[in-house]
Each structure stands twice: as C-alpha cells, then as structure tokens.
Amino acid sequence: MKKAISRIVVPVLALSALSVSIAYAQQGPRPENLVKWRQSAYQVVAWNSARIKASVTGSYDKAEVAQAASTLAAVANSGLPKLFAAGTEKTRGWHETSAKAEVFSESKRFSELDADFAKAANELAKLAQAGDEAGVKTQYVALNKTCKACHDSYKASE
Ligand code: HEC
C-alpha cells in the first residue's frame with residue numbers, strides 16, 4: 001500500500017516541481033526590476049564612494065573607509081552587466097534609464113569597463129583594510145577614472 005502511494009505521489013510531486021521551475025524560468029525578473037536594481041546598485045556605489053571621499057579630503061577614518069570600500073567592492077563584483085539584459089534598453093526603473101543604447105550594442109566593451117571598475121574597487125578595498133591611507137588616496141583617484149571611463153561612453157547625463 002505504502003509503495004503504491006509513493007508510486008503515484010512521487011511522480012506527481014516531481015511534475016509539480018518541474019512545472020514550478022518552468023513557470024519561474026519563463027517569468028524571469030521583470031524588466032523594470034532589472035532597471036531599478038541597476039540604478040539602486042549604482043546609488044549604493046555612489047554612497048560608499050562619497051564616504052571614502054569624505055575621508056580622503058577631510059580627516060581620515062580607517063574603519064569608515066574599510067567599511068565603505070568593502071561594500072563598494074562587493075557591488076562592483078556582483079556582475080552588474082547582467083542587469084543590462086536585452087529588453088531593458090528603454091525601460092523605466094526608479095526613473096527613465098540613463099543607459100545609452102551602446103551599452104546593449106557594445107556589451108563586450110561595457111563588460112570590460114565593468115571589470116576594470118571591479119579590479120580598481122578590489123584594490124581599494126585591500127588598501128583600505130590595511131589602513132594604507134596614502135595608498136587609498138591614490139587608488140581612489142584610479143577608481144574614479146573607471147567610473148568616468150564608463151559614463152563617458154555609456155551613461156546619458158540627466
Ligand atoms: C561599466 C560602466 C559603469 C561603471 C564602471 C560605473 N557606472 Fe555608474 N552607471 C552606469 C550606467 C550605464 C548607468 C545608468 C543606469 C540606468 O539608469 O539604467 C549608471 C548610473 C549611475 C548613477 C545613477 C543611478 C540612478 O539613480 O539612476 C550613479 C550615481 C553612478 N552611476 C555612479 C557611479 C560611480 C560613483 C561609479 C564608480 C565608483 C560608477 N557609477 C561606475 C555605468 C557605469
């Protein structure tokens with residue numbers, strides 16, 4: 001009896017799990033969420049960049065810089081180009097997207113600039129953890145160049 005039930009129940013469970021996963025794959029994230037996530041991610045980057053700037057231009061706070069730099073690096077390492085999926089070229093997130101059309105037509109170059117950004121952020125986080133104030137100051141300038149390099153080609157000014 002127990003065996004007979006499991007012969008019916010197991011395939012039914014497997015089937016329903018399958019249909020749930022198919023439905024999930026078909027839905028995927030909503031385009032407006034992808035745009036909200038990328039806009040939010042860059043806002044988190046800007047917040048943490050500002051925290052580091054306050055330290056490098058004012059009085060240096062090692063713990064503050066270490067916390068901000070590791071947060072910035074985590075976002076930079078998160079695979080941000082995945083949020084620029086096809087179909088989100090003109091989608092509205094928190095506001096109209098400021099991503100230029102070239103993000104989508106030159107996705108390889110966009111990903112390379114994202115990788116440069118992540119590399120600079122990781123280096124900054126390392127120096128910040130070590131409390132290397134002079135190193136952080138130099139690397140913060142290098143990091144900002146990676147933002148500008150990408151924005152110049154791929155972000156429309158508001
Ligand atoms: C590889 C490209 C790239 C890099 C590197 C990059 N950004 Fe951006 N950024 C973008 C794009 C594209 C958008 C537009 C996103 C959208 O509206 O869909 C954007 C948007 C923003 C925004 C506006 C977010 C909003 O509210 O819409 C801020 C602020 C920002 N970036 C700051 C930075 C800072 C600071 C850095 C460096 C520390 C940086 N970005 C690095 C491509 C990049």
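User: Which residues in α5 meet which in α6?

Analyst: In this predicted model, Arg-109, Phe-110, Leu-113, Asp-116, Phe-117, Ala-120, Ala-121, Glu-123, Leu-124, Leu-127 and Ala-128 of α5 are in contact with Gly-135, Val-136, Gln-139, Tyr-140, Leu-143, Thr-146, Ala-149, Cys-150 and Tyr-154 of α6, where contact means heavy atoms within 4.5 Å. By class, those residues are 14 nonpolar, three polar and three charged, with Ala, Val, Leu, Ile, Met, Phe, Trp, Tyr, Cys and Pro counted as nonpolar, Asp, Glu, Lys and Arg as charged, and the others, Gly among them, as polar.

User: And what's the angle between α5 and α6?

Analyst: Helix α5 (residues 107-130) and helix α6 (residues 133-154) pack at about 165 degrees with their axes 9 Å apart, the axes being lines fitted to C-alpha atoms over the stretch in contact and the angles running from 0 to 180 degrees between N-to-C directions. The two helices, α5 and α6, are therefore roughly antiparallel, a label for angles over 145 degrees, while under 35 is roughly parallel, 65 to 115 roughly perpendicular and the rest oblique.

User: Left-handed or right-handed, that crossing of α5 and α6?

Analyst: The crossing of α5 and α6 is left-handed, which is to say that the near helix is turned anticlockwise from the far one by less than a right angle, clockwise being right-handed.

User: What ground rules sit behind these values?

Analyst: Since the model is predicted, local features need pLDDT of at least 70 and side-chain atom pairs count only at pLDDT 80 or more, whereas totals for chains, interfaces and linings use all residues. Residues are numbered from 1 along each chain as its sequence is written, and side-chain values use heavy atoms, with hydrogens and water left out.

User: Back to α5, then: how does α3 cross it?

Analyst: The axes of α3 and α5 come within 8 Å and cross at roughly 155 degrees, and that makes α3 roughly antiparallel to α5. This crossing of α3 and α5 is also left-handed. In all, the contact of α3 with α5 divides into 13 nonpolar, three polar and two charged residues.

User: How far is Ala-118 from Thr-146?

Analyst: The C-alpha atoms of Ala-118 and Thr-146 are 9.0 Å apart in space, and the two residues are 28 apart in sequence.

User: What about α2 and α3?

Analyst: The axes of α2 (residues 31-57) and α3 (residues 62-76) come within 9 Å and cross at roughly 155 degrees, and the crossing is left-handed. The contact of α2 with α3 has nine nonpolar, five polar and two charged residues.

User: Zooming out, how many helices and strands are there?

Analyst: The protein chain has six helices and zero strands, where helices (H or I, at least four residues) and strands (E, at least two) are DSSP runs numbered from the N terminus. Of its 158 residues, 32% count as buried.

Terms used:
Buried means under 20% relative accessible area, exposed over 50%, partly exposed in between (1.4 Å probe, protein chains only).
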